[in-house]
Structure formats: structure tokens, C-alpha cells
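Visitor: I would like to learn how to read the features of a model such as this one. Please show me the structure, and I will ask as we go.

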Amino acid sequence: MSVWKISGGRALHGEIKIQGSKNAVLPIMSAAIIKGCETELLNCPQLSDVEAAMEILKHLGCTAEREGDTVYIDSRGMNRTDIPHDLMREMRSSVIFLGAILARANEAELSYPGGCELGVRPIDLHLEALRCFGAEISEQGGNLFCRGRSLRGARVNLSFPSVGATENAMLAACGAAGETVITNAAREPEIIDLQAYLRKLGVSIWGAGTPTITISGFVLRDRVGHRVMTDRIVAATALCCAASAGGRITLRDVVPAYFETVTAALEQMGCRIDRKSHSVTLEADGRLHAPRPIATRPYPGFPTDAQPLLMAAALKAEGTTAFTENIFESRYRHAVELNRLGADISVVGRVAVVTGVKALVGAPVKATDLRGGAALITAALGARGTTTVYDIGHVIRGYEAFEKMLNDLGADVHYEDERLAPVG
Ligand code: UD1
């Protein structure tokens with residue numbers, strides 16, 4: 001079994017480049033099939049979810065090849081409209097292919113994506129949105145059958161600004177005749193990146209980043225090149241790690257505005273922040289105080305993905321920090337593991353209260369999900385002694401060469417094969 005061993009207590013220093021965004025690249029890879037064309041995607045992170053998306057593309061009859069951080073996709077030969085269960089299971093967000101396959105072929109067959117580590121993750125908003133275009137969707141034996149004859153442009157009003165449902169509606173709209181207007185759309189930066197790619201493809205689309213997105217018409221281009229945005233959650237992770245361990249780090253090639261809520265909270269905690277147009281520097285001396293209450297919200301609010309990370313950075317902050325998780329129902333499983341390091345976190349329903357402790361002490365802990373696992377590493381960097389993190393597969397799903405990024409900054413993180421049973 002693979003584990004990470006982290007010897008805490010070493011301040012982080014240096015400058016790093018942040019990887020391409022996982023949550024931006026996946027919808028763009030699915031968008032690459034809405035018309036037959038060639039796509040050159042730069043800055044693609046080397047992650048299992050990206051590899052899984054490439055497998056899905058190949059299954060559909062496209063070619064998908066990686067060379068370094070560039071992925072080449074040729075979707076002209078697409079000849080299937082189904083995604084089998086084992087490929088759906090590989091990547092939790094594979095439902096994002098639904099709108100794109102429908103746009104291309106007017107039919108799609110996918111197995112129903114299961115629950116996930118953050119609780120029940122329904123897709124009702126995705127299906128509701130796709131039905132607006134005239135798609136008939138039925139469920140049989142765990143499979144979704146979608147047929148659209150020809151999709152019609154529609155008014156899609158989302159009852160909640162779901163990121164995935166917004167993306168699926170944008171993709172389906174590209175294959176629909178007539179204008180589509182999506183209201184109460186999610187405003188996340190990854191949606192702006194999807195719009196940027198679609199525009200290069202020749203789609204007439206505007207409004208991403210606001211609650212109203214309009215799509216009208218399409219002039220096909222044969223070849224598209226696009227550089228995937230940098231990962232704002234990985235950027236937030238690096239800043240939280242430096243806040244926890246102390247030190248001074250600079251992140252290059254980032255858009256500071258995209259993770260401003262996280263940076264602002266770290267600033268409230270006493271970190272010194274220097275924002276430039278494409279870089280951020282954080283300096284922390286290890287003495288932190290609790291920030292104002294944190295409540296997760298859809299963008300531009302505080303990101304749910306950064307909640308575990310900021311919590312980990314706040315464990316030794318003087319005072320009490322209150323977190324309210326408004327997006328996912330089951331997103332505090334890391335709290336139990338953080339408490340194993342000596343933290344004082346109590347959770348009641350959607351609220352977690354962190355009372356700052358003087359010191360954290362390394363212990364064996366188990367990653368419960370992607371960002372929760374990253375939070376354990378964030379805390380371990382600021383703990384005395386050695387922390388062993390089990391079940392790191394969750395974390396590897398979203399961070400490219402995580403230990404290298406941290407070790408380049410002076411951390412002591414080792415990947416090991418361990419024969420011991422996991423804790424808990
Ligand atoms: C995306 C991100 C994820 C992030 C989340 C919220 C990707 C691959 N993942 O996930 O990292 O944490 O946005 O910023 O981009 N919901 C429904 N019905 C639906 C869809 C969603 O009830 O049909 C609920 C979800 O259960 C959740 C909330 O809406 O409670 C937000 O989900 P959503 O914005 O759709 O997140 P994802 O797109 O799944």
C-alpha cells in the first residue's frame with residue numbers, strides 16, 4: 001500500500017509553477033467531440049482523471065494522445081455514443097460527456113454515475129437541463145438512455161448554479177438549432193475557460209462568469225489550440241501549506257482573483273500577501289490567528305474545495321474559526337483525521353468549529369477524499385514529528401507530483417510502499 005510520510009516543522013521557501021486545472025480540462029476534453037475536429041490542449045495535468053477522459057475519447061472512436069503536458073485529440077472519427085460502466089466509474093465527473101455526445105450525435109447511453117465520497121451526488125439538474133433541449137432521457141438497469149432527434153435551442157433556468165449542469169447545458173446547446181440562454185448559471189472560472197475553448201472552436205457564446213450564458217450558432221473550425229487555465233484549488237493548497245508550515249512562497253502563472261477568497265482569509269489570519277497580476281507571494285511566520293467565519297458558496301464565494309485546506313491551515317491559529325459547508329452535505333470527514341494530529345475540531349451538521357491548539361503532533365491518518373487528503377498533508381507540514389497518510393490514491397487524483405511540488409519548497413515528503421494496514 002502506498003503512503004506519504006511527512007516530517008513536519010520545516011518552513012517552505014521558494015517559487016513554484018501551478019499545474020493546469022483538473023476541473024477545467026475535463027469539460028474541455030468532452031467539448032472536443034461536439035463537432036469532428038482536432039484539438040491541441042496545452043497545460044494538461046498528468047492525472048488519472050485526465051487519463052480516464054482520454055480512455056473515454058478513445059472508446060468513442062476519437063484519438064487522444066499525450067506528449068508531455070499537451071494532449072492531442074482528433075474527434076473526426078467518433079463512431080460510438082455509449083460510455084460503458086467501467087469507464088464511467090474511473091472518473092466521477094464523466095457525466096460531463098453526456099451533453100457533448102448528445103450535441104454531436106443526438107443520442108447517448110451512459111451508466112448512471114454512482115455516489116461519491118462527498119455524499120450523494122445527484123445529476124437531476126444535468127438531466128433537467130438536457131430535457132429543455134428536447135432530449136428524451138430514460139433510466140433502465142442503472143443506464144441512462146438519451147435521445148434527442150434534433151436538439152432545439154432553449155431557455156435553461158437552473159434551480160441551483162451547479163457547475164457540472166451548467167457545463168452540460170453549454171455543451172448540449174452547441175448541438176442545438178437556435179439560441180440557448182442559461183440562467184442562474186454557475187460562474188466558476190472553469191466555465192470561463194470552457195467558453196474560451198468553445199469560442200476558438202467557432203461557437204458563438206458569451207456571458208460565462210455571469211449568471212446568464214447565451215449560445216447561438218456555430219461556424220466549425222477544423223483545428224483548435226487551447227492552453228488550460230491553472231488550477232486555482234492547487235494554488236490555494238500551496239498557500240495553505242505555507243501558512244501551516246510557515247515560510248515564504250511565490251506562485252507563478254496564476255490568476256490571483258480566482259482564489260481571492262482564500263487569500264483574503266489567509267491575510268486575516270496574519271499571513272502577508274503580495275498580489276501581482278500573474279503571481280502571488282505569501283509569507284507566514286507560524287503565528288496565526290483565527291479568521292472571520294468561513295461559509296462555502298458558489299463562486300465568487302469561498303470554494304467548497306478549499307474548505308478542508310483552510311481548516312488545516314487554521315488548526316494552530318489563536319482563537320476559534322467557524323466553518324459552514326453549504327455546497328456538499330458530507331464534507332467534514334477530514335475533521336476526524338485532523339483531530340488525530342491533535343487538532344480540536346467539533347462538527348455539528350453543516351458547521352465545524354476549530355479551536356486553535358498550541359501544537360500538532362504527527363500520527364497515522366487516512367485520506368478520505370481528494371481535498372480532505374490534501375488537508376492532512378497541509379496540517380502535517382505544520383506538525384511536529386512524522387505523519388503517515390494512507391489511501392493517498394484520493395489525493396493523487398487531483399495533484400500532479402504533489403510531493404515534488406512540496407519538496408521543491410523545502411518540505412520533507414516521501415512516497416513509500418507500506419505493508420501496514422490503514423488506520424481507522
Ligand atoms: C464541481 C467540481 C468540484 C467542486 C464543485 C463545487 C468538477 C469536476 N468538480 O463539481 O470539485 O467541489 O463543482 O464547486 O468540476 N447537485 C444536485 N443535482 C445535480 C448537480 C449537483 O443536487 O444535478 C448538487 C450537488 O450534490 C452539490 C451541489 O449541487 O451538493 C454542487 O454541485 P455542482 O456545482 O454540480 O458540483 P460538480 O459539478 O459536481
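Visitor: Which residue just after H4 takes a positive phi?

Guide: Asn 106 does, with a phi of about 65°. Helices here are DSSP runs of H or I with at least four residues, strands are runs of E with at least two, and both are numbered from the N terminus. This is a predicted model, in which local features need pLDDT of at least 70 and side-chain atom pairs count only at pLDDT 80 or more, while totals for chains, interfaces and linings use all residues. Residues are numbered from 1 along each chain as its sequence is written, and side-chain values use heavy atoms, with hydrogens and water left out.

Visitor: How many of the residues of helix H4 are buried?

Guide: Begin with the term: buried means under 20% relative accessible area, exposed means over 50%, and partly exposed is in between, with a 1.4 Å probe and protein chains only. Helix H4, residues 97-105, has 7 of its 9 residues buried, and is mostly covered. The buried ones are Phe 97, Leu 98, Gly 99, Ala 100, Ile 101, Leu 102 and Ala 103.

Visitor: Which residues come nearest to the ligand?

Guide: A residue is near a molecule or strand if one of its heavy atoms lies within 4 Å of it. There are 19 residues around the ligand, and Asp 124, Leu 125, Ser 162, Asp 305 and Ile 327 come nearest. A side-chain N or O atom of Asp 124 is 2.7 Å from a nitrogen atom of the ligand. A polar backbone atom of Leu 125 is 2.7 Å from an oxygen atom of the ligand, and a backbone N or O atom of Ile 327 lies 2.5 Å from an oxygen atom of the ligand. On its own the ligand has 740 Å² of accessible area, of which the protein covers 83%; such areas come from the Shrake-Rupley method with a 1.4 Å probe, and for residues only the protein chains shown count as cover.

Visitor: Which helices and domains supply the shell around the ligand?

Guide: Helix H5 (124-131) and helix H6 (163-173) each supply at least two residues. H5 gives the largest share, 3 residues. Domain 1 (2-19 + 230-420) and domain 2 (22-227) each contribute at least three residues to the shell, with bounds from an automatic or database domain assignment.

Visitor: How many aromatic pairs are there, and how should I read them?

Guide: A pair of aromatic rings is described by the distance of the centres and the angle of the planes. Rings of Phe, Tyr and Trp (its six-membered ring) pair if their centres lie within 6.5 Å; planes under 30 degrees apart count as stacked, over 60 as edge-to-face and the rest as tilted. A search of the whole structure finds 2 aromatic pairs. Trp 4 and Phe 402 are edge-to-face, at 5.8 Å centre to centre and 70° between the planes. This pair links distant parts of the chain, with Trp 4 in strand S1 (residues 2-7) and Phe 402 in helix H14 (residues 402-408), 398 residues apart. Both residues of that pair, Trp 4 and Phe 402, are buried.

Visitor: Why is the pair of Tyr 399 and Phe 402 stacked?

Guide: The pair is stacked because the ring planes are at 20°, with the centres 4.4 Å apart. Tyr 399 is buried at 3% relative accessibility.

Visitor: Is Thr 263 buried or exposed, and where does it lie?

Guide: Thr 263 lies in helix H9 (residues 260-268) and is buried, with a relative accessible area of 1%. A polar atom of the Thr 263 side chain lies 3.0 Å from the backbone oxygen of Phe 259.

Note on methods. A polar contact is a pair of N or O atoms within 3.5 Å; within protein, one must be able to donate a hydrogen and the other to accept it, and residues adjacent in sequence count only if both atoms are side-chain atoms.
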